[in-house]
Amino acid sequence: MKYISTRGQVAPIGFIDAILMGLADDGGLLVPEQLPQLSDDTLKQWQQLTYQELALEIFSLFVNNEIPREDLKKLVDDSYSTFRHEEVTPVHQINEGLYVLELFHGPTFAFKDVALQFLGNLYSYISRKNNSIIHILGATSGDTGASAIEGVRGKEGIRICILHPHQKVSKVQELQMTTVCDSNVLNLSVEGTFDDCQRIIKELFADVDFKHQYHLRAINSINIARILAQTVYYFYAYFQLANKGQAEKISFSVPTGNFGDIFAGYLAQKMGLPIHKLILATNENNILARFVNEGLYQPGAFRGTYSPSMDIQVASNFERYLFYLYEGDAATVTSLMSQFKAEGRIVIPEDLLKRVQADFSAYSVDNEDCLNTIQEYYEKHGYLLDPHTACGVAASDKLAADGEVTVALSTAHPAKFDESIQLRNISQTYPEQIQALFDKPQNQIVVDGTNEEIKKQLLTFF
């Protein structure tokens, strides 16, 4: 198993080199040179595995024996021992046609923990094995930052700097990041939007000399390890429903802003998991829904919503999908991304739009619909959805056909977004770990959203 760039100018590299490279040195994103194809017999054998056993089997397909199996097993076991539920990502039935895949049982109550607990341990393992320095640089719309910090705080040989948009994340998200006092953690609160933070990250990583000189490593979903880790819970959820006799026409509805979570499902499907439909749910920042429905990829005006982790206009994983859509034509992908940088838009032809619409259905959920969904499901089913999960459920209600079973990905615990939930006069009790955050001092630096200012902070920190 080797990894190649979507822009074709990086020689195939191994798993560990791919993790360390993060953003490809030619500015593209790394993808597996070929995807493993899983037989029906293999899927049947995997159906009874625990989450940890399943993760080990899937990761083994991608690490190319660069990590001994026993070491890989320990990485997996250590990563998921921090989760509060024995199943790691349990499936909860809401009604006859809808299940919720609860991805919020990790240490920071968000789905990002599933990948970042593993990636944090993986970076620590690589640092020890190679006796190398690892400086992690990431941007967050709210959840990635806390999960990434939790994954590496206090670990020797690793420093982490996280950028988040100033006052554009929920209070709990902010507290989870900024109340960490470990000396290897730096939080920068950037004047601007998440897209500004993400642009700065990509441009700093694209400066290859700077990246190598300061040992910069990626924690965002530009790192292929994030995507591979997230494929596991699609398999696990599918198998849980199959074990209940629900093996026909299982779809997934995925709230997404950066295209990483649903792209993981797309890869699982391409590997052989018989997913019926992938439903892409966005909020009012709906560049991805418009692309699926119209074939136009063009940012609109930024909108602050009740689901702030999806307040994203430029999806960092979109380029990976383009690579598969154009059947591995790196030259065309490079041209399209250059066009996007120059003109701010990509338009695909009608024949390719039909292929996109065969891969995904998409629906954009407005603010009121999001809150209405939270209220409806709380009153009818006694189940409290966070605003992002509510977008996924609303999209499922709109696009799933009668007789189909849909699994909506629940990406965060509702306690992380109480400001939104209170708008419908719904009261909830914070988990003890979250309640304790409000009494802790915060550590963050508010900075201008310029590359130069971020570089200045990094040079002081690293």
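How much of the chain over residues 86-405 is helix, and how much is strand? Over that stretch the chain is 49% helix and 17% strand, and the end C-alpha atoms are 24 Å apart. UniProt, in an unreviewed entry, annotates residues 86-405 as "domain: Tryptophan synthase beta chain-like PALP". Keep in mind that this is a predicted model, where local features need pLDDT of at least 70, side-chain atom pairs count only at pLDDT 80 or more, and totals for chains, interfaces and linings use all residues. Residues are numbered from 1 along each chain as its sequence is written, and side-chain values use heavy atoms, with hydrogens and water left out.

- Six strands make an open sheet in the order 3-4-14-9-10-13, with mixed pairing; two strands count as paired if DSSP finds at least two bridges between them.
- Strand 3 (91-95) and strand 13 (361-364) sit at the edges with a single partner strand each, so one side of each has no neighbour in the sheet.
- From one strand to the next, the twist averages 25° (axes are lines fitted to C-alpha atoms, for helices over the stretch in contact, and angles run from 0 to 180 degrees between N-to-C directions).
- Strand 3 pairs with strand 4 (residues 98-102) in the antiparallel sense over four bridges, and Val 91 stands opposite Leu 101 in strand 4.
- Helix 12 (residues 287-294) packs on the sheet, touching strand 10 (278-282) and strand 13; contact here means heavy atoms within 4.5 Å.
- The direction of helix 12 makes about 135° with that of strand 13.
- Helix 16 (residues 367-381) lies across strand 3, strand 4 and strand 13, and runs at about 85° to strand 3.

- Five strands form another open sheet, in the order 8-5-6-7-15, and here the pairing is parallel.
- Its edge strands are strand 8 (216-218) and strand 15 (445-448), each pairing on one side only.
- The twist averages 30° from one strand to the next.
- Strand 7 (residues 185-191) and strand 15 pair over four bridges in the parallel sense, with Glu 191 opposite Asp 448 in strand 15.
- Helix 6 (residues 143-152) packs on this sheet and touches strand 5 (134-139), strand 6 (158-165) and strand 7.
- Compared with strand 6, the direction of helix 6 makes an angle of about 170°.

**Helix 4 and its two sides**

- In helix 4, Leu 72, Leu 75, Val 76, Ser 79 and Tyr 80 are buried (buried means under 20% relative accessible area, exposed over 50%, partly exposed in between, with a 1.4 Å probe and protein chains only).
- Seen down the axis, the buried residues of helix 4 fall within an arc of 110°, so they line one face of the helix; the arc is that of the directions from the helix axis to the C-beta atoms.
- Those buried residues pack against helix 3 (51-63) and helix 5 (112-130).
- On the other side of helix 4, Glu 70 and Lys 74 are exposed.

**Lys 112**

- UniProt's unreviewed entry puts "modified residue: N6-(pyridoxal phosphate)lysine" at Lys 112; UniProt positions are given in the numbering used here, feature names are shortened, and annotations may be inferred rather than shown by experiment.
- Lys 112 lies in helix 5 and is buried, with a relative accessible area of 12%.
- Not counting residues up to four places away in sequence, Lys 112 touches Asp 143, Thr 144, Ser 147 and Arg 226.
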